[in-house]
Amino acid sequence: MGLVGKLLAAVALVAIVGTVGTITYINHTRPQALGLASPTPRIPAPSPSPEDPLAAACRPPSAPQVSTAVIGLWLLQPGSVAGYRAHEKFAEITSPHDAVARTDHLSGWLLIGGSDGAPALEGGCVAVDVRTLVSVDTLPGFDVSDRDKIARDFLSAYSHPFVIFKPYVTPLKLSPSSSSVQRVTLAGDLEIQGVTFPATFRLDVRLTSGTVTAAGQATVNAPKYGVEVPREAGGFVRVNPDIILEVSLILLQP
């Protein structure tokens with residue numbers, strides 16, 4: 001092999017090693033899905049100002065006169081997190097990548113009625129301020145904060161700052177005496193940039209120390225809500241239009 005051939009082989013080897021290194025880095029740094037918050041004892045946070053737009057987006061009803069370990073009004077607490085996960089493919093990188101953005105700017109509530117033996121969700125609302133979403137993934141050679149600016153435009157964040165989920169009335173298969181993780185499916189109306197369609201969240205739920213924690217996800221088709229994502233073949237990046245919404249919620253009775 002001549003000198004030129006050896007140089008080309010060396011360049012090819014470096015490129016292969018670099019590609020493998022990038023793929024390994026992406027796989028090892030991919031943010032994990034949101035999980036249940038730690039079940040540490042907590043005290044309810046002070047009520048937000050009624051003039052706070054985020055709080056007003058999901059204004060809670062009055063608490064019922066009688067509450068139990070499960071029955072009553074449950075309010076979202078600091079430490080709750082929500083965000084999205086989008087599968088994207090870059091032209092320069094062979095491995096798929098997950099774009100992940102999160103925020104702790106949430107408000108909301110759930111009203112549980114029925115009885116301890118047969119609890120039922122009687123109403124609820126969770127609002128997420130999408131203007132505050134921040135990317136938590138990393139990608140070599142890219143500034144992921146640039147994506148946050150683009151995402152705010154895609155979501156019409158400044159004219160429709162809140163994504164809002166309102167679950168339907170439904171029985172809850174929960175055991176109040178168990179501190180183990182229980183699974184709940186909540187269907188409801190999901191509003192994104194003023195467009196509303198049904199969506200379903202599949203959640204892990206734990207009841208312990210007077211606290212409800214819940215974590216899970218729902219998959220939604222972004223174009224259905226009028227959110228356009230890059231999908232052109234041969235483009236710089238292609239994004240799967242089925243976006244995963246992730247939540248990790250902490251709720252206490254007032």
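**Figure 1. The disulfide of the predicted model.** The structure holds 1 disulfide, a term that denotes a pair of cysteine sulfur atoms within 2.5 Å. This is a predicted model, in which local features need pLDDT of at least 70 and side-chain atom pairs count only at pLDDT 80 or more, while totals for chains, interfaces and linings use all residues. Residues are numbered from 1 along each chain as its sequence is written, and side-chain values use heavy atoms, with hydrogens and water left out. A disulfide is a covalent bond between the sulfur atoms of two cysteines. Here the partners are Cys58 and Cys125, with their sulfur atoms 1.8 Å apart. The torsion about their S-S bond is about -65 degrees, so the disulfide is left-handed. Cys58 belongs to the loop between helix 2 (53-57) and strand 1 (72-76), and Cys125 to strand 5 (residues 119-129); the pair thus links distant parts of the chain, 67 residues apart. Helices (H or I, at least four residues) and strands (E, at least two) are DSSP runs, numbered from the N terminus. Both Cys58 and Cys125 are buried. Buried means under 20% relative accessible area, exposed over 50%, and partly exposed in between (1.4 Å probe, protein chains only).

**Figure 2. Surroundings of Arg85.** Arg85 is part of strand 2 (residues 81-90) and counts as buried because its relative accessibility is 6%. Its side chain reaches the backbone oxygen of Gln32 at 3.2 Å. A polar contact of 3.3 Å also joins the side chains of Arg85 and Asp98. A polar contact is a pair of N or O atoms within 3.5 Å; within protein, one must be able to donate a hydrogen and the other to accept it, and residues adjacent in sequence count only if both atoms are side-chain atoms. Beyond four places in sequence, the residues that Arg85 touches include Arg30, Val100, Ile243 and Glu246; contact means heavy atoms within 4.5 Å.

**Figure 3. The aromatic pair Phe165 and Phe201.** A search of the whole structure finds 2 aromatic pairs. Phe165 and Phe201 form an edge-to-face pair, 4.9 Å centre to centre with 65 degrees between the planes. Rings of Phe, Tyr and Trp (its six-membered ring) pair if their centres lie within 6.5 Å; planes under 30 degrees apart count as stacked, over 60 as edge-to-face and the rest as tilted. Phe165 lies in strand 7 and Phe201 in strand 10, so the pair ties together parts that are 36 residues apart in sequence. Phe165 is buried, at a relative accessible area of 9%, and Phe201 is buried at 7%.

**Figure 4. The aromatic pair Phe197 and Tyr225.** The ring centres of Phe197 and Tyr225 are 5.5 Å apart and their planes stand at 85 degrees, so this pair is edge-to-face. Phe197 is in strand 10 and Tyr225 in the loop between strand 11 (211-221) and strand 12 (237-239), 28 residues apart. Phe197 is partly exposed at 28% relative accessibility, whereas Tyr225 is buried at 2% relative accessible area. Lys224 lies over the face of Phe197, 4.7 Å from the ring centre; a charge sits over a ring if NZ of Lys or CZ of Arg is within 6 Å of the ring centre and within 35 degrees of the ring normal.

Figure 5. Most residues other than glycine have a negative phi. Ser156, in the loop between helix 3 (145-154) and strand 7 (162-167), has a positive phi near 50 degrees. Gln193, in the loop between strand 9 and strand 10 (195-208), has a positive phi of about 45 degrees.
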